[in-house]
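Thanks for making time this morning. I would like to walk through one model with you, going from a single residue out to the whole chain and back again.

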Amino acid sequence: MRRRVHPHTRARGTAAGALLAALLLVASPTGTHGAAATAGDVDGGAAGTRAAGRTGVVTESYDLGDTAFTHPASGTVSEIRAVVHRPSRVRGKLPLVVLSHGAWYACTDPEAQAWPCDRGRPYPSHRGYDYLGRALAARGFAVVSLSADGINMTSFDYGDRAGLVNEHLRLLSQLSSGGGVLARRLPALRGHLDMRRVGTVGHSRGGKGVMWQASDKHRAEAPDGVRVLERPSSPSHR
């Protein structure tokens, strides 16, 4: 277990993340089907509302454990955990949006001092964007909101956050090819993710992480075949 080396700080929004989220929200829903479907959750979350021009939404998740990823350069250990929002009817290739939250308590017990949590349970910060994930999924996007509690406990390094984003993208790229460890957890998305149309959104330190990941200096660290777009792309089904 690694002990906390930095105090927790309140997260603040970044202009870049907020702007990208706003642009994605108004992207044209050219590929959606089912004009008045009701959005609902597989995992028991709150049901969505009917809206013209939107498709139904399904919420799923994957969890590979609290110590599933070790950053190859820094050695920082973090979880591989995420909530996934997608259209209920998946056709063609869906553009992908990855959300990364900011700094907050890593564990539900604020007295926790180590990762994995020596007190309490992992804090569900990645569920704070469910409203955004559902809104984007209703417009034809696949949305993955990842958990970064391990990094919040042991490291405030932006490179660690970028590395975690890349690891999720690597696993999702395998899924888009029809295989990998996520295939059984997200069977409806097998072969249906367009890894050439990827958008990343981050809040506060998560925003710095996605900016690091998408920068020219670090772009080569992204998994092969993954393209993070500088501008949002509208859904389209081929």
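Let me begin with a question: does Cys107 count as buried or exposed? At 2% relative accessibility, Cys107 counts as buried, where buried means under 20% relative accessible area, exposed means over 50%, and partly exposed lies in between, with a 1.4 Å probe and protein chains only.

Before I go on, please keep in mind that this is a predicted model, in which local features need pLDDT of at least 70 and side-chain atom pairs count only at pLDDT 80 or more, while totals for chains, interfaces and linings use all residues. Residues are numbered from 1 along each chain as its sequence is written, and side-chain values use heavy atoms, with hydrogens and water left out.

Staying with Cys107, this residue forms a disulfide with Cys117, their sulfur atoms being 2.1 Å apart; the term stands for a pair of cysteine sulfur atoms within 2.5 Å, and the structure holds one of them. Cys107 lies in the loop between β4 and β5 (114-115) and Cys117 in the loop between β5 and α2 (130-137), so the pair ties together parts that are 10 residues apart in sequence. The torsion about the S-S bond is about -95°, so this disulfide is left-handed.

Turning to the chain as a whole, we have five helices and seven strands, helices (H or I, at least four residues) and strands (E, at least two) being DSSP runs numbered from the N terminus. Buried residues make up 50% of the 238 residues. If we take contacts, meaning heavy atoms within 4.5 Å, with a separation of 6 or more, then 71% of them are accounted for by residues 24 or more positions apart.

In strand β4 (residues 94-100) we find Pro95, which counts as buried at 2% relative accessibility. The C-alpha atoms of Pro95 and Gly140 are separated by 7.7 Å, although the two residues are 45 residues apart along the chain.

Finally, Thr154 belongs to helix α3 (residues 149-154) and, at 5% relative accessibility, counts as buried. A polar atom of the Thr154 side chain lies 3.0 Å from the backbone oxygen of Gly150.

Definitions and conventions:
A polar contact is a pair of N or O atoms within 3.5 Å; within protein, one must be able to donate a hydrogen and the other to accept it, and residues adjacent in sequence count only if both atoms are side-chain atoms.
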